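Please read it alongside the sequence and the structure below.

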Amino acid sequence: MPIYNAPLADMKFILNDVFNAEQFWQANEKLAHVDAATAEAILEEMAKFAQNVTLPLNRTGDEEGAHYENGKVTTPAGFKEAFQQYAEGGWIGLGADEEWGGQAMPKMLTVLADEMLFATNPSFMLYPLLSVGAGMALNSYASQEQKETYLPKIYSGEWSGTMCLTEPHAGTDLGIIKTKAEPNEDGSYNITGTKIFITGGDHDLAENIIHLVLAKTPNAPAGSRGISLFIVPKFIVNADGSLGDRNTAGPGSIEHKMGIKASATCVMNFDAAKGYLVGKENEGLAAMFVMMNYERLSMGIQGLGASEYAYQNAAQYATDRLQGRSANGVQSPNKPADSILVHGDVRRMLLNARANNEASRAFAVYVGQQLDITKFSTDAEAIAKANNRVALLTPIAKAYLTDTAFDAVIDAQMVFGGHGFIREWGMEQCVRDLRIAQIYEGTNGVQSQDLIGRKTIKCNGEFIAEYIAEIRDFANDLDTDLNFIKDATLDVATEVDMITQHILERAKENADFANAAAVDYLHAVGLLSFSYMFARIANAAKNKDGQFYQDKLALTHYFIQRVLPDLHARIAKIKAGAEVLMNFSEDYFTTQA
């Protein structure tokens, strides 16, 4: 049976030693209510919930799946009770403002709580995750009356939320959506159209579902400039806050998917459903991006959770599995064979996953810290700088963390050999469930284009230059006993700086160049980011006694010698240019007789 032990020691190390979180929180009046003891208590309680409640439902939920019948969706056995327990524990509003019933915890902390749920049951996690995202969009753009009506109920778990963007013909290109919003005399709108791939579009976990729907009003400008955002509740909310009539919005079916089968992915039909404008007409995309950017970071955390879960199970299996003998002689003479941990290739796979987990966790907390600065700081300059950093790193958090996590999960599955392909060991489900994280909320290819296009070329490299300057400043301040990571980090910073300048020049000459280089560039910046995280980890671990800290330094050495060299291949691919891709005619790709 699959295992999971929340990596609390690693989480506390990242918060307390690497990022000095308590000092950061106490220096900000809006976060002064959080200290290390509070944070640790929250993580310990979430660990209990993840290990005792959501983990046991992971396989059974996958096998049963969500059900659709007669226009209604039901979740697998145990999900409703788990959701109620999660809501009653105040977890949905962990990071929400106290004004709406939340606990106002920093993002640095909530990313770690989220990791544990994603590790133990990603299908379950998606239900409250969409509610939190919807709440963020409403808190940023809704009217005071709308906030008072919807936010307390969403954060209490009585109601849930969705994000309704994609249509059968319109995915990334939202400017061509067809869903219409016709104004009514009472100020409401009639919403008509079809949305697909709607996570939690219908279920039995909450008494009402608040859909946030993108639509176009009559005479709206063409393209994305003409998109508005609407609240479309499953049940109309009466003036006194009670639930009224069933709205004409509901699921037409649910998708039959490769993974996350317990998460209801719905086709949603809106038939003149009553909706309410959020913010101003034609400004809906900005509001929705608040939610989308939050979800994109969460997808990176989904990757981290899966990678941690897979690593733990693979490491346990490798310890127990006896197969062959060590090349250096018998290691377990009292056993019929040595454990497969004596084999270098098995260690390679496990260490790849472990290095990914350590760096990904630090990076998630780092991005969370930037988000906390944008939300809680009163320093305008610091906020502007953090906003730039979040803009730059969001696509990396989503794409790089899920790409590397998928590689790690595949490695972990391989450690099991044939057993990794068998259901009861849990690895095949882990692979299936994680695959979607590279696809939804904007595919990783789209994230790469966002990084190289909007976040690099469009600002002439300003965002990445600021980031590289920070990394260099940190590395240059490291003690001489950390020269091994200092030199490596400074070298990769120079390499990324140079390839960025190369991209800025080549993009002027060839319009196809940026798109062709995008994925490799994102991975190059991802490797730079992981080197920066390991520099921080090594700095926090140096001069401390105990095997725990020595292992951090040893893993840093492993990353430098066995992972970081991938940077050279990425840069070579970028320099190869677009022509080798674009010179093929479209006819080449058609099926040949």
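Is Phe421 buried or exposed? Phe421 has a relative accessible area of 70%, over the 50% cut-off, and therefore counts as exposed. The model is a predicted one.

**Surface patch**

- Phe421 sits in the loop that runs between α11 (380-415) and α12 (427-435).
- Together with Ile422 and Trp425, Phe421 makes up a nonpolar patch on the surface.
- The accessible area of Phe421, Ile422 and Trp425 together is about 330 Å².

**Annotated domains**

- An unreviewed UniProt entry places the feature "domain: Acyl-CoA dehydrogenase/oxidase N-terminal" at residues 39-158.
- The feature "domain: Acyl-CoA dehydrogenase/oxidase C-terminal" is placed by UniProt (unreviewed entry) at residues 282-450.
- Residues 282-450 are 72% helix and 0% strand, with 22 Å between the end C-alpha atoms.

**Cysteines**

- A disulfide is a covalent bond between the sulfur atoms of two cysteines.
- Searching the whole structure gives 0 disulfides.
- Cys266 takes part in no disulfide: the nearest cysteine sulfur belongs to Cys164 and is 9.3 Å away, whereas a disulfide requires the two sulfur atoms to be within 2.5 Å.
- Cys266 has 0% relative accessibility, and because the limit for buried is under 20%, Cys266 counts as buried.
- Cys430 also counts as buried, because its relative accessibility is 7%.

**Positive phi angles**

- Most residues other than glycine have a negative phi.
- Asn70 is not a glycine, yet its phi is positive, near 55°.
- Asn70 lies in the loop between β1 (67-69) and β2 (72-74).
- With a relative accessibility of 72%, Asn70 counts as exposed.
- Asn460, likewise not a glycine, has a positive phi of about 55°.
- The loop between α13 (444-457) and α14 (462-476) holds Asn460.
- Asn460 is exposed because its relative accessible area is 55% and the limit for exposed is over 50%.

Terms used:
Residues are numbered from 1 along each chain as its sequence is written. This is a predicted model: local features need pLDDT of at least 70, side-chain atom pairs count only at pLDDT 80 or more; totals for chains, interfaces and linings use all residues. Side-chain values use heavy atoms; hydrogens and water are left out. Buried means under 20% relative accessible area, exposed over 50%, partly exposed in between (1.4 Å probe, protein chains only). Patches are made of residues with over 30% relative accessible area and no salt bridge: like charges are joined within 9 Å, nonpolar side chains (Val, Leu, Ile, Met, Phe, Trp, Tyr) within 5 Å. Accessible areas come from the Shrake-Rupley method with a 1.4 Å probe; for residues, only the protein chains shown count as cover. A salt bridge is a side-chain nitrogen of Lys or Arg within 4 Å of a carboxyl oxygen of Asp or Glu. Helices (H or I, at least four residues) and strands (E, at least two) are DSSP runs, numbered from the N terminus. UniProt positions are given in the numbering used here, feature names are shortened, and annotations may be inferred rather than shown by experiment.
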